[in-house]
Amino acid sequence: MSEKEILEKIALSIEEIKCDVKDVKERFSKVEERLDRVEGRLDKLEEEVATLKNEFGNMKTEMQSMQVEMQNMQTEMRNMKAEMQNMQTEIQSLRQAVLENTGCIDTLFNAFGGVIQFKTDIENFKADINKFKDEASAKIENLVEVTNKIKEEYGRHDIDLRIMKEKIGILI
């Protein structure tokens, strides 16, 4: 091989290397573009993660607030249940007192002059139970009030039925 041929081969090889370098540069540019896009996506993802962290923190705070509110509501419900039980106990006590003082109630209603209406209400009890409950409740309140006045006057809790009858006679 002559020098000229060698030089031509070298020149040809240099041209091939130049083409290869050009291809590598183009590929490298494409890789850089992709890398830039990936970095852009990564930046967006980092922003989204930061936003999600903030939202999670807010949700966590909100959940803690809701838990406190739920505990408060549970406490309030327990208190209401206890109050209802106390009211039921009080109602039972009142019912028992009414049952024990049935004779006294009859005497008191006779003294109040509303016996005729009361007896009519009892006869219509099955037909109009709500009306009866309202009127009976009002009359029981009056009875309790009169009983309390009698208790105050005599200064003791156990009042003799005979004394109550005499007192009712005096009040009329």
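**Charges, patches and fold**

Tutor: Let me start with R37, which counts as exposed because its relative accessibility is 53%. Keep in mind that this is a predicted model.

Student: OK, where is R37 found?
Tutor: R37 sits in helix 1.

Student: Pick E47. Where is its place, and is E47 buried or exposed?
Tutor: E47 belongs to helix 1, which covers residues 3–100. E47 has 53% relative accessibility, so it counts as exposed, the cut-off being over 50%.

Student: Switching to pairs: how many salt bridges does the count come to?
Tutor: The count is one salt bridge. E15 forms it with K18, and the closest N and O atoms are 3.9 Å apart.

Student: Why would side chains like that pair up at all?
Tutor: In general, side chains of opposite charge can pair when their charged atoms come close.

Student: And how do E15 and K18 lie along the helix?
Tutor: Both are in helix 1, three residues apart, which is about one turn of the helix. E15 is partly exposed, because its relative accessible area is 44%, between the 20% and 50% cut-offs.

Student: Now the greasy side. Which residues make the nonpolar surface patch?
Tutor: M1, I6, L7, I10 and I14 make a nonpolar patch of about 490 Å². M1 is in the segment before helix 1, and M1 counts as exposed because it has 65% relative accessibility.

Student: Zooming out, how many helices and strands are there in the protein chain?
Tutor: Five helices and zero strands. The pattern along the sequence reads α-α-α-α-α.

Student: What share of the residues counts as buried?
Tutor: 12% of the 172 residues in the protein chain.

Student: And the accessible surface, what does that come to?
Tutor: About 15,100 Å² for the protein chain, with 56% of that belonging to carbon and sulfur atoms.

Student: Last one: what about contacts between residues at least 24 apart?
Tutor: Those are 38% of the protein chain's contacts between residues at least 6 apart in sequence.

Note on methods: Residues numbered from 1 in each chain as written. Predicted model: local features only at pLDDT ≥ 70, side-chain atom pairs only at ≥ 80, totals over all residues. Heavy atoms only, no water. Helix = DSSP H or I, 4+ residues; strand = E, 2+ residues; numbered from the N terminus. Buried < 20%, exposed > 50% of the residue type's maximum accessible area, 1.4 Å probe, protein only. Contact = heavy atoms within 4.5 Å. Areas by Shrake-Rupley, 256 points an atom, 1.4 Å probe, with all protein chains shown as cover. Salt bridge = Lys/Arg side-chain N within 4 Å of Asp/Glu carboxyl O. Patch = residues over 30% accessible without salt bridge, like charges linked within 9 Å, V, L, I, M, F, W, Y side chains within 5 Å.
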